[in-house]
Amino acid sequence: MSINKLLSSCLLVFVITNYACEQKYNQGKVMYDFHCAGCHLEDGTGLGEIYPPLTKSDYVLDHISDFPCIISKGMSGKLIVNGKTYNGEMPGNKGLTAVEITNIINYMNQTFDYGLPVMQLLETKEHLKRCEE
């Protein structure tokens, strides 16, 4: 292999790796923006008294293992977030795959700085099985 081909290959690998690292949560962001930001807003602050915040949310931190089911199945009824009561309905996103749900949760964790460990796909699948019962 010539030195030019070797250098070109190394440069290509560097560019792809660098781009992939910058785009680490890109699918999660795209899915969040499409499925969640309409109500919870792009920055996760929620919409007044109607939709609860996802950023700086004690509810999210206390119920992160429920989020695969919440995202997939939705939820309704009374809920307390940061001491404030919300009583509405969130529709489920039944068409999302376990991979997409995992990516949304990890995007939220990283963007809204929950400080939680990355949720693994197997964890998401286990949580989703629980809400199928």
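Reply: Contact here means heavy atoms within 4.5 Å. This is a predicted model, in which local features need pLDDT of at least 70 and side-chain atom pairs count only at pLDDT 80 or more, while totals for chains, interfaces and linings use all residues. Residues are numbered from 1 along each chain as its sequence is written, and side-chain values use heavy atoms, with hydrogens and water left out.

Me: Which pattern does the protein chain follow along the sequence?
Reply: Helices (H or I, at least four residues) and strands (E, at least two) are DSSP runs, numbered from the N terminus. The protein chain has seven helices and two strands. Read along the sequence, the pattern is α-α-α-α-α-β-β-α-α.

Me: What percentage of the residues in the protein chain is buried?
Reply: Buried means under 20% relative accessible area, exposed over 50%, and partly exposed in between (1.4 Å probe, protein chains only). The protein chain has 133 residues, and the buried share of them is 33%.

Me: How much of the accessible surface of the protein chain belongs to carbon and sulfur atoms?
Reply: Accessible areas come from the Shrake-Rupley method with a 1.4 Å probe; for residues, only the protein chains shown count as cover. The accessible surface of the protein chain is about 8,600 Å². The part that belongs to carbon and sulfur atoms is 58%.

Me: Which cysteines does a disulfide join?
Reply: A disulfide is counted as a pair of cysteine sulfur atoms within 2.5 Å, and the count by this rule is one. Its two residues are 62 apart, one in helix 5 and the other in helix 7 (residues 121-132). The S to S distance is 2.4 Å, and the residues joined are Cys69 and Cys131.

Me: What is the handedness of the disulfide of Cys69 and Cys131?
Reply: Cys69 is buried at 11% relative accessibility, whereas Cys131 is partly exposed at 23%. The torsion about their S-S bond is about -95 degrees, so the disulfide is left-handed.

Me: Which residues lie nearest the centre of the largest pocket?
Reply: On a 1 Å grid over the protein atoms alone, a cavity is a set of points where a 1.4 Å probe fits but cannot get out; a pocket is an open set with protein on both sides within 12 Å along at least five of seven lines, and lining residues have an atom within 4 Å of a point. Grid points are joined across faces, edges and corners, and a volume is the space filled by probe spheres set on the points. The largest pocket holds about 430 Å³ of space. Its lining has 29 residues, and those nearest the centre are His40, Pro52, Ile70, Met75 and Met90.

Me: Which element gives the most to the lining of the largest pocket?
Reply: Helix 3 (37-40), helix 4 (58-62), helix 5 (67-73), strand 1 (74-81) and strand 2 (84-91) each supply at least two residues of this lining. The largest contribution, six residues, comes from strand 2.

Me: Which residues does Ser72 touch, not counting those up to four places away in sequence?
Reply: Ser72 is in helix 5 and is buried, with a relative accessible area of 9%. Its C-alpha atom is 8.6 Å from that of Thr97, 25 residues apart along the chain. The residues touched are Gly92, Asn93, Lys94, Ile101 and Leu128.

Me: What is the phi of Lys56?
Reply: Most residues other than glycine have a negative phi. Lys56 is in the loop between helix 3 and helix 4 and is exposed at 74% relative accessibility. Its phi is positive, about 50 degrees.
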